[in-house]
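Please read the points below alongside the sequence and the model.

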Amino acid sequence: MQCTKCNEKAVITLQHGNLCKVHFINYFEDKVFKTIKKYQLIDRNDIICVATSGGKDSLSVLYLTKKYLDKYKQDTSKLFALLIDEGIANYRETTERDLKIFCKEHNVTLKVVRAKEEFNYTLDEAYPIINEKTKKKPCNICGVWRRYLLNKYARIYKATKLITGHNLDDEAQAIIMNNFKANTKLAAHLGPISGIEDYKLFVQRVKPLYFCTEKETRLYCLLKGFQVDFTECPYSQQGLRASVREMLNDFENKYKGTKQGVINSFLAVLPLIKANQIKTNESKIKNCKTCNEPANLEICNACKLKEVLTNG
Amino acid sequence: MEITIIKETEQGSKKVNFSKQTVKEILEQLNINPETVLVVRNKEVITEDDPLNDQDTLEILNVVSGG
């Protein structure tokens with residue numbers, strides 16, 4: 001297949017035509033930069049923390065954030081990467097090694113926070129104990145720890161923005177999952193800028209890859225030659241998200257533009273969902289009575305897990 | 001024609017007899033949704049509509065994150 005814009009060979013077929021390597025890279029980068037500008041995801045004075053795992057999404061968003069700062073002559077020394085090491089044997093070591101090489105090559109400071117140092121347990125150690133008492137799955141524990149540590153350490157390192165690698169597929173899946181569970185409270189937290197209202201202990205989370213599909217992001221990484229390890233997390237499981245992902249990909253294959261349609265229709269009603277949440281005051285943030293970090297209830301979820309580990 | 005398939009997520013390779021023409025058609029035969037993979041031939045990414053040749057070796061890359 002030939003590129004719609006030139007005579008080169010196409011590497012991807014999109015809704016609006018086929019693109020070769022050069023035109024695809026331009027299209028992808030342009031889309032990310034337009035998202036940053038349209039939703040004002042980065043301000044000139046921001047200190048930027050990029051949440052990085054070493055996967056395709058976080059490497060792409062780290063690289064492109066730096067490229068954006070370079071392009072608009074903003075201070076790249078205000079950018080740093082933050083890796084959370086949950087403590088999963090034979091998994092995180094590989095991505096950490098690749099990420100260290102990537103950050104060195106691209107001259108980005110990398111900070112690593114380890115769950116073991118914060119909670120006294122690795123995920124491998126904590127999971128059997130917590131699961132026995134609460135039946136919680138490893139992804140539940142990991143999610144709580146990651147959100148807690150990312151926000152806490154982004155703030156400790158003085159970041160004013162926390163960039164994540166969430167892509168269009170992640171977001172479309174979350175929208176559908178929240179619909180299926182009628183969870184408008186969680187839905188209100190979605191969008192290119194996460195959260196509902198500013199809160200002093202929360203570092204604002206933003207998603208520059210919001211309009212980029214998983215396939216586009218993998219292709220971008222491949223064409224740019226980024227070293228991405230595709231070792232699957234040993235705890236990866238087939239839950240609701242996996243079923244929704246499969247359903248959306250089936251629809252996308254049959255009806256092109258399905259995922260984009262889910263995103264666009266959601267963005268059209270998101271201001272109403274957010275306004276409703278503010279009005280009903282259901283999402284008021286408090287400070288955790290144990291650790292003083294932000295919490296929905298009296299005690300934050302990370303401290304509840306700590307209690308289980310300490311007291312059983 | 002005979003096509004060799006190498007999947008990123010699996011060890012080794014397998015040979016497949018294929019009687020149709022395109023990448024899209026071999027993915028259908030393998031029961032793989034084109035939305036979930038990239039296909040590489042001779043270190044070049046190819047699209048769903050690209051025709052295949054006898055003795056081609058295809059690398060199937062998974063686009064879904066591993067975590």
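1. The domain assignment of chain A, where bounds come from an automatic or database domain assignment, gives domain 1 (27-268) and domain 2 (281-312). The model is predicted, so local features need pLDDT of at least 70 and side-chain atom pairs count only at pLDDT 80 or more, while totals for chains, interfaces and linings use all residues. Residues are numbered from 1 along each chain as its sequence is written, and chains are lettered from A and ligands numbered from 1 in the order in which they are written.

2. Taken over C-alpha atoms, the centres of domain 1 and domain 2 of chain A are 23 Å apart. Contact (C-beta atoms, placed from the backbone, within 7 Å) joins 18 residues of domain 1 of chain A to 14 residues of domain 2 of chain A. Helix 5 (123-134) and helix 6 (138-156) of chain A each supply at least two residues of the side of domain 1 that touches domain 2; helices are DSSP runs of H or I with at least four residues, numbered from the N terminus.

3. In helix 11 of chain A, K259(A), V262(A), I263(A), F266(A) and Q277(A) are buried, meaning that 20 or more other C-beta atoms, placed from the backbone, lie within 10 Å of the residue's own. The buried residues of helix 11 of chain A pack against helix 7 (168-180), helix 8 (184-187) and helix 10 (240-254) of chain A.

4. Between the chains, 18 residues of chain B are in contact with 24 residues of chain A.

How values were computed:
A residue is buried if 20 or more other C-beta atoms lie within 10 Å of its own, exposed if 12 or fewer, and partly exposed in between; C-beta atoms are placed from the backbone. Two residues are in contact if their C-beta atoms, placed from the backbone, lie within 7 Å.
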